[in-house]
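Dear colleague,

I am passing on the structure below, together with some notes on what was found in it. Please keep it open while you read, so that you can look up each residue as it comes.

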Amino acid sequence: MAEISNLGYAVFGVSDLARWEHFAVELIGLQVGRKEEGKLLALRMDEQEQRIVLEQGSDDDVRAAGWSLGTEEALEEYVSQLRESGVKVEQGSKELARARRVEKLYVCDDPNGFKHEFYFGAAIATIANPFRSSVLKGPGFCTGPLGIGHLLPRAVDYAASVEFYRKVLGLKVSDYIREEVAPGIVADATFFHCGSARHHSLATAAIPSEKILNHIMIEVMDMDDVGLAYDRCTKAGYHMLLELGHHPNDKMFSFYVESPSGFGMEVGHGGILVDDSWEVISYSKMSDWGHKRNPRRPVAA
């Protein structure tokens, strides 16, 4: 059976492209791939032409998760599997494929209010235009076969969401975390991996949220780049949703900053990899140290 290789890109609707450009490039360390004034900003993390696509819009939320399959044959087989499961899958237009910088893609709805885009053939930048970050100390981001990182959308119906990601998309459970965050209130999260060795490319949780997306995670190769990004974000006045800390399940050292759209961006280092011998575990804490939570407030001016 065909399976997803990795989370290859993410698409967001954002209300302030200029603010996002400063945040992503000058504070986090991404590079502008292309931009259309007042319409779109595509960001690079590596040799691919784009990894994060920001489209002008008032929603300030996730619009699409782009899932890579290695070949056209794998893509077609995977789409056939989705249709056999009763999922309505439509082929994306040539215009959408060009906008996503891929050869071919299909689209289906997620029960939580965004799109899944399945594709093959992502465009690579020319050798004369290598990835360059203006602020990263280390060699860059952990991408390649691992994909861009992970997304955590909130679940409108938690049981149905877990069922959709497991039985329909074919993602594999990495582990669970169930933490009592207040007397009688349990935060319940399930983490999923795909064909890549990244511990999880998607997670979902039964959490109250006005937004679809809780956070996106991106991983840097050098631990110092976590601390340096933390300092830059703090100096620029951005709100830290979770301070520096460490997760027990994927072993990620990270912080969570409130993005210009209000959802979180986790910047991390040191995530572990999974393989065929992986054993599912249930944890009782989201973090084994740090990650002090700070109440949300309006995004920094």
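Predicted model: local features only at pLDDT ≥ 70, side-chain atom pairs only at ≥ 80, totals over all residues.

Which kind of aromatic pair do Phe23 and Tyr238 form? The structure holds eleven aromatic pairs, and the one made by Phe23 and Tyr238 is tilted, with 5.0 Å from centre to centre and 40 degrees between the planes. This pair links distant parts of the chain, for Phe23 belongs to helix H1 whereas Tyr238 sits in the loop between helix H5 (224–235) and strand S14 (240–246), 215 residues apart. Both residues also belong to a cluster, in which ring pairs link Phe12, Trp20, Phe23, Tyr238 and Phe263.

Because Tyr78 lies in helix H2 and Phe118 in strand S8 (residues 115–120), the pair ties together parts that are 40 residues apart in sequence. Tyr78 counts as buried at 2% relative accessibility, and Phe118 counts as buried at 0%.

Phe118 comes up again when we turn to the nonpolar core. In soluble globular proteins, nonpolar side chains tend to be buried together. The largest nonpolar core here has 68 residues, and of these Phe12 and Phe118 touch the most other members. Helix H1 (residues 17–28) gives the most to this core, namely seven residues. Apart from this core lies another, of eleven residues, among them Tyr9, Val11, Val53 and Leu105. If neighbours within four places in sequence are left aside, the contacts of Phe118 include Ile4, Trp67, Leu69, Leu75, Tyr78 and Leu169.

Finally, there is a pocket to look at. The second largest pocket has a volume of about 190 Å³, and of the 16 residues that line it, Met1, Ala2, Gln81, Leu169 and Gly170 lie nearest its centre. Helix H2 (72–84) and helix H4 (158–168) each supply at least two residues of this lining, and the largest share, three residues, comes from H2. By type, the lining of this second largest pocket divides into nine nonpolar, five polar and two charged residues.

With best wishes

Note on methods. Residues numbered from 1 in each chain as written. Heavy atoms only, no water. 1 Å grid on protein atoms, 1.4 Å probe; cavity = no way out; pocket = protein on both sides within 12 Å on 5 of 7 lines; lining within 4 Å. Points joined across faces, edges and corners; volume = space filled by probe spheres on them. Helix = DSSP H or I, 4+ residues; strand = E, 2+ residues; numbered from the N terminus. Nonpolar A, V, L, I, M, F, W, Y, C, P; charged D, E, K, R; others polar. Core = buried A, V, L, I, M, F, W, Y, C linked by side-chain atoms within 4.5 Å. Buried < 20%, exposed > 50% of the residue type's maximum accessible area, 1.4 Å probe, protein only. Contact = heavy atoms within 4.5 Å. Phe/Tyr/Trp six-rings, centres within 6.5 Å; stacked < 30°, edge-to-face > 60°.
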